[in-house]
Amino acid sequence: MRIECPFCGERDSSEFIYLGDANAQRPDSDRPDAQARCIEAVYLRDNPAGPHEELWYHLFGCRSWLHVTRDTRTHRIFAVDFVTETVSS
């Protein structure tokens, strides 16, 4: 699989580290069931088939965090942006 880094250009996926779902939310640690919610968030996640928003880190390149929209069935990449460009405050 090839990823088009906005800074470095097209690179092999072996240069990157996959973090996971770009829209995942951490459970609230102040809730009484925080431990169970944390286990669910880490181990019981959806495994979507089709377009999926993901986070990738360009370890052997510019060391940027990237927001990648990728089809999990075909590995076709639709969009790649720096995380700072896609995260809303």
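Predicted model: local features only at pLDDT ≥ 70, side-chain atom pairs only at ≥ 80, totals over all residues.
Which residue in β6 is the bridge partner of L66? Select L66 and look across to β6: the partner is F82.

**Stop 1**

Select β3, β4, β5 and β6. These four strands form an open sheet, in the order β3-β4-β5-β6, with antiparallel pairing. The edges are taken by β3, residues 17–21, and β6, residues 77–82; each has a single partner strand, so one side of each lacks a neighbour in the sheet. From one strand to the next, the twist averages 25°.

Strand β4 covers residues 51–57, and seven bridges pair it with β5 in the antiparallel sense.

Now move to β5 and β6. These strands also run antiparallel, and five bridges join them. The pair L66 and F82, with which the tour opened, belongs to this part of the sheet, F82 being the partner in β6.

**Stop 2: the nonpolar core**

Select I3, C5, F16, W56, L66, V68 and V80 and display their side chains. These seven residues make up the largest nonpolar core. Two strands, β1 (2–5) and β5 (65–71), each supply at least two residues of this core. In soluble globular proteins, nonpolar side chains tend to be buried together.

Centre the view on W56. Apart from neighbours within four places in sequence, W56 has contacts that include the core residues I3, F16, L66 and V68. Among its other contacts are M1, S13, I17, Y18, S64, W65 and R70.

Then select V80, which is found in strand β6. Is V80 buried or exposed? With a relative accessibility of 17%, V80 counts as buried, because the limit for that class is under 20%. Beyond residues up to four places away in sequence, V80 touches I3, E4, P6, L66, H67 and V68.

**Stop 3**

Select D71, placed in strand β5. This aspartate counts as buried, at 7% relative accessibility. A polar atom of the D71 side chain lies 2.8 Å from the backbone nitrogen of R73. Leaving out residues up to four places away in sequence, D71 touches G50, P51, R76 and F78.

Continue into the loop between β5 and β6, where H75 lies. The two strands form a hairpin with five residues between them. H75 has a positive phi, near 70°, although the residue is not a glycine. At 42% relative accessibility, H75 counts as partly exposed.

**Stop 4: R63**

Which loop holds R63? Select the loop between β4 and β5, where R63 is found. R63 is another non-glycine residue with a positive phi, here about 60°. Its relative accessibility is 53%, which places R63 in the exposed class.

**Stop 5: the salt bridges**

How many salt bridges does the structure hold? There are six, and three of them are visited here. Side chains of opposite charge can pair when their charged atoms come close.

Begin with R11 and E15, whose side chains meet in a salt bridge at 3.7 Å, N to O. R11 is partly exposed, with a relative accessible area of 29%.

Finish with R31, D33 and R37 selected together. The side chains of D33 and R31 meet at 3.2 Å, N to O. D33 also forms a salt bridge with R37, where the closest N and O atoms are 3.0 Å apart. Through shared partners, these salt bridges join R31, D33 and R37 into one network. Each member counts as partly exposed: D33 at 29% relative accessibility, R31 at 38% and R37 at 34%.

Methods
Residues numbered from 1 in each chain as written. Heavy atoms only, no water. Core = buried A, V, L, I, M, F, W, Y, C linked by side-chain atoms within 4.5 Å. Buried < 20%, exposed > 50% of the residue type's maximum accessible area, 1.4 Å probe, protein only. Contact = heavy atoms within 4.5 Å. Pairing = 2+ DSSP bridges. Axes fitted to C-alpha atoms, helices over the stretch in contact; angles between N-to-C directions. Salt bridge = Lys/Arg side-chain N within 4 Å of Asp/Glu carboxyl O. Polar contact = N/O pair within 3.5 Å; in protein donor to acceptor, adjacent residues only side chain to side chain.
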